[in-house]
Amino acid sequence: MTNEALFPVVGVITDIRRDTPDVKTFRVVTPDGKKAFEHMPGQCAMLSIPGVGEAMFSITSSPTNTEFMEFSIKKCGCLTSWLHACEVGQMVTIRGPYGNGFPVETAFKGKNMLFIAGGIGLAPLRSVINYVRAHRADYGTVDIVYGSRSMDDLVDFKEIQEEWKNEKDFNVYLTIDRPQDGWDGHVGFVPAYVKEVNIPTDRTAILCGPPIMIKFTLQALLELGFEKTQVYTTLEFRMKCGIGKCGRCNVGNQYICKDGPVFRMDQLEELPSEY
Amino acid sequence: MKKISCENLSKLYSEIASLQELYLPVKESGVTNYKKYENGAEVDIKTLKTVKSAKDFFFPQTEDMMEFKVNGKNIEINDARKVANPFVIFGVRACDLKSFDILDKVFLQEPVDTMYKAKREASTIITLACNNPEQTCFCKTFGIDASNPAGDISAIIVNGEMLFEAKTEKGAELLNKLTCLEDAGDTDADAERAEIVKKSENLPFANLNLDEFKGENLMKLFDRPEWAELSKACLGCGTCTFVCPTCQCFDIRDFITNEGVRRFRCWDSCMYSEFTKMAAENPRKTQLQRYRQRFMHKLVYFPQNNDGVYGCVGCGRCVQKCPQNLNIIKVIKKLGGKNND
Amino acid sequence: MQKLNELALEKAKTLLANGTVARVLGWKKGELGYDLEPAVFYSESDLEGFIYNAFSGANLSKYLIEESKKEGKVLVFLKPCDSYSFNQLVKEHRIVKENVYTVGIECQGKLDVKKLKEKGIEIVDGVIENVDDVTVISLGKEYNFVKEEVLLGKCSVCEKHLLSYDEVISLHDKRTPKLDRFEIVKKLEAMTADERYAFWKGELSKCIRCNACRNVCPACNCLKCVFDNDASGIASKANSDSFEEKLFHIIRAFHVAGRCTDCGECSRVCPQAIPLHLLNRKFISDINRLYGEFQAGEDDVTKGPLTAYTTGDAEPSEVFGGNK
């Protein structure tokens, strides 16, 4: 096929991992076993099952992974339900990468990082976190505050416990909404936990999660003394083209697929809150 | 310059059609739209506003992109794009011509939309000046001169004769092939053009004030309470967007055929309730939001991203076609600034 | 006829002022003299924009689905045809009748802007309406027309009369239409199948699937149309197969059969001038023949012939012949 923007290539799902009751992580390579294309953390790709649908997903594996791409996908609509039901060996179509991604090589470089995620919101951040791990010397301290409804809903729990927690200068703070048998960690919502941990304001913060969590966490950060210019987030919207032409994913004059999905909070403040 | 008597235009159409596919405004079942020229077609060059605009040539309402062969877990992708054969569009008015510039800014911007580009390059555009601009025309508000559109060849009717002038090499090449045309000699169109300019100037919406529509007013305009009143009667149909020469939102959909799955692109409308709907959320839930999006896009967002060029050419199709008489003139008058009454 | 506007305006002002209603659903002046738009007026100053004249063609009843569910009563002006839609919507439990104050208003037919344009009228400075003729003033010129020349299609055959209302504003008897609305149906029925197919193919192939007909139709009041449902596989997007648009209109006509009041809005709004109402009118004609004369929306309680089963119901094959 071609490498034109709206025309995908074939990909094969080579591994499916259940992360939570409603999130699975899919590993995708081309039929000859290669990565479909290179990307930067925070960028997205269009995945499709012909006849079912095509949708934009955050690439959750790190660019430093040279062998495959991964997508952590929550079951919530037509296409995602279909993907959740499929087996290894299933072919999909894939095109991308789309979007600006996180400024890991510019604004983030040399900074202490604070990642805050809720639920499936960890998925897009996993790519950045693992990128930071792979270029450990380029970044300072890393704090991760991550919460979910329950222990079972924590995405990448194994990777967090076995790898991230052991990384040098990585502090991982996990929380779940309600107490649960077998959980001896923190219980409570993310925004409150962020304030409780009292993270120093010399961090560059990245927020990802449900809109309501973003709203209250941003408030918590501002109360801690963070500036909006220090806080980034990544947005979600219905998309069809991925290249700023089909006309639906704009917030004000910014197209989420092209100018986003990563925005700094002070930039978002200048745009209508229609997202 | 070349010319032909208007009485002999069918000769011209036949001759062009013998060289390339020719599309021009044809009246059929009571309405005028661009159609492929065939002998006996009721060509209608009096009607200024075809129902569907000329954007259809480059961005058709629906076009096939690819076909998928699905076999168990396997997928094979095959190109289903049609090759764009050279074609001529005759009778494009200044407003529609300008709409191509606007569409170019979207589709030819990197990454280039090759489906659009191929058709754009395959076309030869013969424009036609508007001898009698209508009351609903307001192209002048957007700096468009109805008397002198360019294209590859520009045509104008003067005293029962149609005059032609090549504007590009492609245009000159076609013009030179046309044996039914005679040399225009010293006939010129200057007086007729001046007359058209005067008529355009006197139209009721020729000089709408657009001052308020600028990027720095984005939030202020977005929050204007008048959107509620302006959008109240909106039915949420797609008429305005489908007759609009600059509306270019599209959808990409799959169609399950006997042989496999065909993926096609088709027009979509920001007025439709499911336009931005996701599995769990919809950022534009109300018709007010969708209505506002359409006009903010044309009058604020688009110029903000494209050096001040507005996303409206003042053709007035929406003015004629909105079922409930909502239109961009009412929006501009309400929000555009002083002296709009 | 200009008096009707004054009376309506006065009525709206009074009922707003004395608190009988909280808002008024009517028609608002436009920019070209003929481009009236449906609007809600909340105050006397809002009502400066109100107008009722020969261009008040839009049927307001469907807006009541939303408006009658809001706080306070809404005053609505209903032309005869609008009131049949109103009744039908009440019958289908879409309008909260208690929240609506209905004022029936005389109508002698509304003008078709497309027809005026064909007569060379592009802007309207004034209109003087009589029962059987109308004078349109445009750019300093006066044009006089017999009504039949310039009426909306739906108006030229209208036999509807003012139904029961809270109040009525009427000064003249309703004009009797000079045309029979089923004449055109008979013409279509007289065609051979091939001719009829060619006719509908020509008309329906103009469809751009803008959905204006569906969205304006008072009988199309599903909360979510099947054609808007992504999961249905038949979402309302033009497909590369041109047969789909034919099916769309036919399915829609079936769905509103027995409920369609023949208000004619579908044809009024179609940007491609497709005579969509003919599909509905054919159904009305068939229903009349099968089950006896029935006018949807004549009242707000009677069950329609397609929703009320009786053992005496005719078999279509007995009436039209052919196989069961």
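Two strands are taken to pair if DSSP finds at least two bridges between them, and helices (H or I, at least four residues) and strands (E, at least two) are DSSP runs numbered from the N terminus. In chain B, V88(B) stands opposite T124(B) in β7(B), and strand β6 (residues 87–92) of chain B pairs with strand β7 (residues 123–128) of chain B in the parallel sense over 5 bridges.

The model is predicted, so that local features need pLDDT of at least 70 and side-chain atom pairs count only at pLDDT 80 or more, while totals for chains, interfaces and linings use all residues. Residues are numbered from 1 along each chain as its sequence is written, and chains are lettered from A and ligands numbered from 1 in the order in which they are written.

The pair β6 and β7 belongs to an open sheet of 8 strands in chain B, which runs in the order β3-β2-β6-β7-β8-β9-β1-β10 with mixed pairing. Its edge strands are β3 (31–36) and β10 (182–183) of chain B, each of which pairs on one side only. In total, chain B holds 11 helices and 12 strands.

As for the chain as a whole, the C-alpha trace of chain B spans about 65 × 65 × 40 Å along its principal axes. A compact globule of 341 residues would have a radius of gyration near 20 Å, and the 22 Å of chain B agrees with this; the radius is taken over C-alpha atoms, and the globule rule is 2.2 Å times the number of residues to the power 0.38. Of the 341 residues of chain B, 50% count as buried, a residue being buried if 20 or more other C-beta atoms, placed from the backbone, lie within 10 Å of its own.

Two residues are in contact if their C-beta atoms, placed from the backbone, lie within 7 Å. The contact between chain B and chain A takes 38 residues from chain B and 30 residues from chain A. On the side of chain B that touches chain A, β11(B) gives the most, with 5 residues, and the residues of that side divide into 24 nonpolar, 7 polar and 7 charged. Here Ala, Val, Leu, Ile, Met, Phe, Trp, Tyr, Cys and Pro count as nonpolar, Asp, Glu, Lys and Arg as charged, and the others, Gly among them, as polar.

Turning to chain C, 38 residues of chain B are in contact with 31 residues of chain C. The largest share of the side of chain B that touches chain C, 4 residues, comes from β12(B), and the residues of this side comprise 15 nonpolar, 12 polar and 11 charged.

How values were computed: Buried ≥ 20, exposed ≤ 12 C-beta atoms within 10 Å, placed from the backbone.
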